[in-house]
Amino acid sequence: MSPLEKFRAILLFGPPGSGKGSVGKVLSFLQIGMHISSGDLFRSLPPQSKMGKLFREKEELGLLVPDEISITIFEQHLERLARKHRLQKKEDLLILDGIPRTEKQVDLLQKNIEVKNIFYLHVQNTDTLVKRIGRRAKAQKRTDDQNRAVIQTRIREYEEKTASILKKYPSSLITTICADQPLANVLQTILNLLLNEEKHE
């Protein structure tokens, strides 16, 4: 499949609590692209379905959904959007949050996704992540965010399985942004970069 036949995408990359979801929602609101969160996608699965049960089992332990299943669910979602004419490969830009999460997922996505930019939301202090996730748990009533041991497992899963995927992409695509700063500052940095790129196209 040629690049013209692939979905163009921006990847939001960073540990749990780094602000990927918040950034993605604002960029989508500003019509930069369509925000797709793997976590939201998994949580929307019918609870009694095979996939829904599997996700909730993993969620309660803070573990990742198996690679092939993650990519299958994601690709099926894209196909549904395309069938409903809500998504067109040549015109729309995806803003991916939480996918890919492993090196294998990077490989599995390559046939359908052309990555245009990667914004790495870097948080120096793990305690900052834990506090943010705790606040999110209260606001969104997410069960996976309410157990400190589960939170620590999720962060460890990121460090062991996800952090290394940046090396799978050209460094020219990656922009590291300090996500310890307020969300508005992070968004301003991203928007300035995207607007600057548009001027040079």
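Modeller: In H7, the buried residues are Val150, Ile151, Thr153, Arg154, Ile155, Glu157, Tyr158 and Thr162. The model is predicted: local features need pLDDT of at least 70 and side-chain atom pairs count only at pLDDT 80 or more, whereas totals for chains, interfaces and linings use all residues. Residues are numbered from 1 along each chain as its sequence is written, and side-chain values use heavy atoms, with hydrogens and water left out.

Colleague: Why is threonine 153 called buried?

Modeller: Buried means under 20% relative accessible area, exposed over 50%, and partly exposed in between (1.4 Å probe, protein chains only). Threonine 153 has 15% relative accessibility, and therefore counts as buried. Its place is in helix H7, residues 148-162. Neighbours within four places in sequence aside, threonine 153 is in contact (heavy atoms within 4.5 Å) with Leu61, Gly62 and Leu63.

Colleague: What makes a stretch of residues a helix or a strand?

Modeller: Helices (H or I, at least four residues) and strands (E, at least two) are DSSP runs, numbered from the N terminus. The protein has eight helices and five strands.

Colleague: What caps the N-terminal end of H7?

Modeller: Asparagine 147 does, with a side-chain oxygen 2.8 Å from the backbone nitrogen of alanine 149.

Colleague: Why is leucine 78 called buried?

Modeller: Its relative accessible area is 3%, which means that leucine 78 is buried. Leucine 78 is found in helix H4, residues 67-83. With neighbours within four places in sequence left aside, leucine 78 is in contact with Phe7, Ile36, Leu87, Leu94 and Ile113.

Colleague: Which residues of helix H1 are buried?

Modeller: In H1 (residues 20-29), they are Lys20, Val23, Gly24 and Leu27. These cover an arc of only 100° around the axis, which puts them on the same side of H1; the arc is that of the directions from the helix axis to the C-beta atoms. In general, an α-helix has 3.6 residues a turn, so residues three or four places apart point the same way.

Colleague: What makes the peptide bond from isoleucine 99 to proline 100 cis?

Modeller: Its omega is near 5°, and the bond is cis. Proline 100 lies in the loop between strand S3 (93-97) and helix H5 (103-109). Most residues other than glycine have a negative phi, and most peptide bonds are trans.

Colleague: In what order do the elements of the protein run?

Modeller: From the N terminus on, they run β-α-β-α-α-α-β-α-β-α-α-β-α. The radius of gyration of the protein is 16 Å, close to the 17 Å that the globule rule gives for 201 residues, so the protein is as compact as a globular protein of that length. That radius is taken over C-alpha atoms, and the rule is 2.2 Å times the number of residues to the power 0.38.

Technical notes:
A polar contact is a pair of N or O atoms within 3.5 Å; within protein, one must be able to donate a hydrogen and the other to accept it, and residues adjacent in sequence count only if both atoms are side-chain atoms.
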